[in-house]
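Please keep the sequence and the coordinates at hand while working through each solution.

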Amino acid sequence: MTRRTHAHPDLTRPETGAPFFSTWRVGTPERQAAAVEAIARTWERRPWGSADVLGYHVYAGHDGTTLMHYSQWRSEQGYEAYFKTLRQERNDEIDTAVPGIERVRLDRYRLYRSKVRAAGDTRVPGLVVTVRIEFEADAAERRGTWVDTVLASLGGPAGDPGLISAHFHLSTDGSHVLNYAEWESDQAYDAAVDAPETPEWERVRTYPGIKGFTGSRYRHSLGLVP
């Protein structure tokens with residue numbers, strides 16, 4: 001069966017061959033909360049359904065209007081089988097409970113590299129930040145070296161103690177990088193954003209091939225596991 005968990009996911013889980021992120025627009029904080037509960041009820045009353053999905057987590061956007069979904073799949077083929085047989089029935093029940101949900105996008109990734117939490121660090125993230133870094137069409141091959149540049153900065157003097165972990169995903173369509181970062185708190189993240197720019201971070205920001213950055217803040221609202 002399906003059970004609910006408050007634990008944040010382990011994004012470095014080795015069995016995860018296909019991590020997916022998607023966004024729903026729900027409109028208001030009240031509809032955010034209602035949609036999260038509708039998702040939980042819909043999944044909890046059913047068998048897990050597929051051995052290919054390892055976990056499913058939902059995050060409420062600080063904007064009060066969106067939900068982010070992160071799911072871990074053994075393979076894209078496993079997701080396609082689920083999509084054909086189980087997805088619509090579950091979405092229909094959620095839509096009955098909360099009509100008018102807009103499913104904005106679903107993106108497929110491969111985890112490239114991570115800054116993992118330090119040994120013995122037991123902090124529970126108070127904030128999850130995703131940053132989407134768009135690249136020029138001819139710069140897909142530069143994404144990995146850009147991530148390497150970021151991680152070199154995080155490991156040096158520019159590293160921030162409020163950052164718990166950061167996980168860099170390359171989109172399978174070659175268009176962008178998604179950084180999923182766990183922070184100790186909003187205040188820790190704000191302090192990092194407001195800090196003077198270092199030469200290391202100027203190189204990150206102005207790296208050749210980058211089109212732009214889009215950041216979003218979330219709180220972990222629901223975890224579902226078999």
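A residue is called buried at under 20% relative accessible area, exposed at over 50%, and partly exposed in between, with a 1.4 Å probe and protein chains only. The model is a predicted one, in which local features need pLDDT of at least 70 and side-chain atom pairs count only at pLDDT 80 or more, whereas totals for chains, interfaces and linings use all residues. Residues are numbered from 1 along each chain as its sequence is written, and side-chain values use heavy atoms, with hydrogens and water left out.

**Exercise 1. Determine which residues have the most contacts inside the largest nonpolar core, and which elements supply it.**

Step 1. A nonpolar core is a set of buried Ala, Val, Leu, Ile, Met, Phe, Trp, Tyr and Cys residues joined through side-chain atoms within 4.5 Å. The largest such core has 25 residues, and I39 and L67 have the most contacts inside it.

Step 2. Helices (H or I, at least four residues) and strands (E, at least two) are DSSP runs numbered from the N terminus. Two or more core residues come from each of β2 (18-25), α1 (29-44), β3 (53-61), β4 (66-73), α2 (76-97) and β9 (210-225), and α1 contributes the most, with six residues.

Step 3. Another core, of 23 residues, lies apart from this one and includes A139, W146, W183 and V204.

**Exercise 2. Classify the aromatic pairs F20–W73 and W183–Y189 by their geometry.**

Step 1. Rings of Phe, Tyr and Trp (its six-membered ring) pair if their centres lie within 6.5 Å; planes under 30 degrees apart are stacked, those over 60 are edge-to-face, and the rest are tilted. The structure holds 18 aromatic pairs.

Step 2. F20 and W73 are 6.4 Å apart centre to centre with 40 degrees between their planes, and this pair is tilted. F20 belongs to strand β2 and W73 to strand β4, so that the pair links parts of the chain 53 residues apart, and both F20 and W73 are buried.

Step 3. The ring centres of W183 and Y189 are 5.1 Å apart and their planes stand at 70 degrees, so this pair is edge-to-face; W183 and Y189 are both buried.

**Exercise 3. Find which charged residues lie over the rings of W43 and W24.**

Step 1. A charge sits over a ring if NZ of Lys or CZ of Arg is within 6 Å of the ring centre and within 35 degrees of the ring normal.

Step 2. R90 lies over the face of W43 at 4.4 Å from the ring centre, while the charged end of R103 sits over the ring of W24, 4.2 Å from its centre.
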